[in-house]
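Open the model in your viewer and keep the selection tool ready. The stops below run one after another.

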Amino acid sequence: MSCVLLSVSSFAQGVFANKTSAALEKVIRDYPNRFRNIKGEIIIENTQSTEYRSTIEIPGSTASTVTRYSSKNNDVYSWSCILFEADDFNQVKDKYREFFGQIKNSIIKTEGQKTFILNGRYEMPSEEKKFTTVIFELLPATGEMKKIKIDLTLQYEITGWKISLSVYDRDRNDNEQGSVNGD
């Protein structure tokens with residue numbers, strides 16, 4: 001009986017609200033506003049980009065930012081959050097799976113839109129690989145929400161292993177090519 005309860009509670013973790021999915025839902029709700037409502041003070045301003053502190057943070061995260069990338073046609077925005085950092089790969093791998101479970105099948109309710117479900121396929125991280133990512137999609141994606149990308153990434157950097165979560169504009173469709181001369 002306890003095995004069944006454990007399975008049900010593990011599944012329910014992603015389907016019903018938890019602190020990670022609740023914060024992520026707030027970020028996704030503000031995506032159509034280009035994260036205007038969750039931008040805090042400016043951290044760094046460059047000619048090509050401006051980084052703001054995010055007013056939405058996932059509990060336990062080490063940093064959350066909104067970034068505006070300047071573009072000739074339309075500025076591109078992203079929200080990112082460093083969820084966890086450690087030197088021990090096995091510890092980070094376990095946390096990565098835990099965050100995946102908290103995000104997958106999250107129900108996202110947005111104003112004026114249908115209810116969405118976050119769907120993504122888990123990929124087992126490998127210490128030798130140094131980089132693993134799961135791209136989540138909103139189901140069913142409609143209208144402007146088709147442009148959104150959400151990814152959970154585990155990667156090795158000089159300072160150790162890092163898990164991050166990002167929500168950003170997909171600047172072009174997967175079947176489109178960019179200009180060769182940079183226009």
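**Salt bridge in a helix**

Start at E98, which is partly exposed, with a relative accessible area of 35%. The terms are set by cut-offs: buried is under 20% relative accessible area, exposed is over 50%, and partly exposed lies in between, with a 1.4 Å probe and protein chains only. A salt bridge here is a side-chain nitrogen of Lys or Arg within 4 Å of a carboxyl oxygen of Asp or Glu. K95 is partly exposed too, at 23% relative accessibility. Both sit in helix α3 (residues 89–103); because E98 and K95 are 3 residues apart there, about one helical turn separates them.

**Ground rules**

This is a predicted model, where local features need pLDDT of at least 70 and side-chain atom pairs count only at pLDDT 80 or more, while totals for chains, interfaces and linings use all residues. Residues are numbered from 1 along each chain as its sequence is written, and side-chain values use heavy atoms, with hydrogens and water left out.

**The whole chain**

Zoom out and colour by secondary structure. The protein has 3 helices and 9 strands. Along the sequence the pattern reads α-α-β-β-β-β-α-β-β-β-β-β. Helices (H or I, at least four residues) and strands (E, at least two) are DSSP runs, numbered from the N terminus. Of the 183 residues, 38% are buried.

How many salt bridges does a search of the whole structure find? The count is 7.

Select R29 and E25. Their side chains form a salt bridge at 3.3 Å, N to O. The pair lies in helix α2 (residues 19–30), 4 residues apart, so about one helical turn lies between R29 and E25. R29 is partly exposed at 40% relative accessibility. E25 is buried, at 13%.

Next, select K129 and E123. This salt bridge is 2.1 Å, N to O. K129 is partly exposed, with a relative accessible area of 43%. E123 is also partly exposed, at 31%.

**Backbone stops**

Why stop for that? Most residues other than glycine have a negative phi, and most peptide bonds are trans. K130 lies in the loop between β6 and β7. It is partly exposed, at 39% relative accessible area.

Now select R34. It has a positive phi of about 60° although it is not a glycine. Find R34 in the loop between α2 and β1 (39–45). R34 is partly exposed, with a relative accessible area of 29%.

Then go to L139 and P140. A cis peptide bond joins them, with omega about -10°. P140 is in the loop between β7 and β8.

I117 is in strand β6 (residues 116–119). At 38% relative accessibility, I117 is partly exposed.

**A contact across the sequence**

Select T110 in the loop between β5 (107–108) and β6. T110 is buried, at 13% relative accessibility. T110 and D30 are 80 residues apart along the chain, and 8.7 Å separates their C-alpha atoms.

**The second largest pocket**

Finish here. The second largest pocket has a volume of about 370 Å³. Select S80, C81, K162, S164 and S166: of the 22 lining residues, these are the closest to its centre. A pocket is an open set of points on a 1 Å grid over the protein atoms alone, where a 1.4 Å probe fits, with protein on both sides within 12 Å along at least five of seven lines; lining residues have an atom within 4 Å of a point. Its volume is the space filled by probe spheres set on the points, which are joined across faces, edges and corners.

Which strand gives the largest share of the lining? β4 does, with 7 residues. Strands β3 (63–69), β4 (76–86), β7 (131–139), β8 (148–157) and β9 (160–169) each supply at least two. The lining divides into 9 nonpolar, 9 polar and 4 charged residues. Ala, Val, Leu, Ile, Met, Phe, Trp, Tyr, Cys and Pro count as nonpolar, Asp, Glu, Lys and Arg as charged, and the others, Gly among them, as polar.
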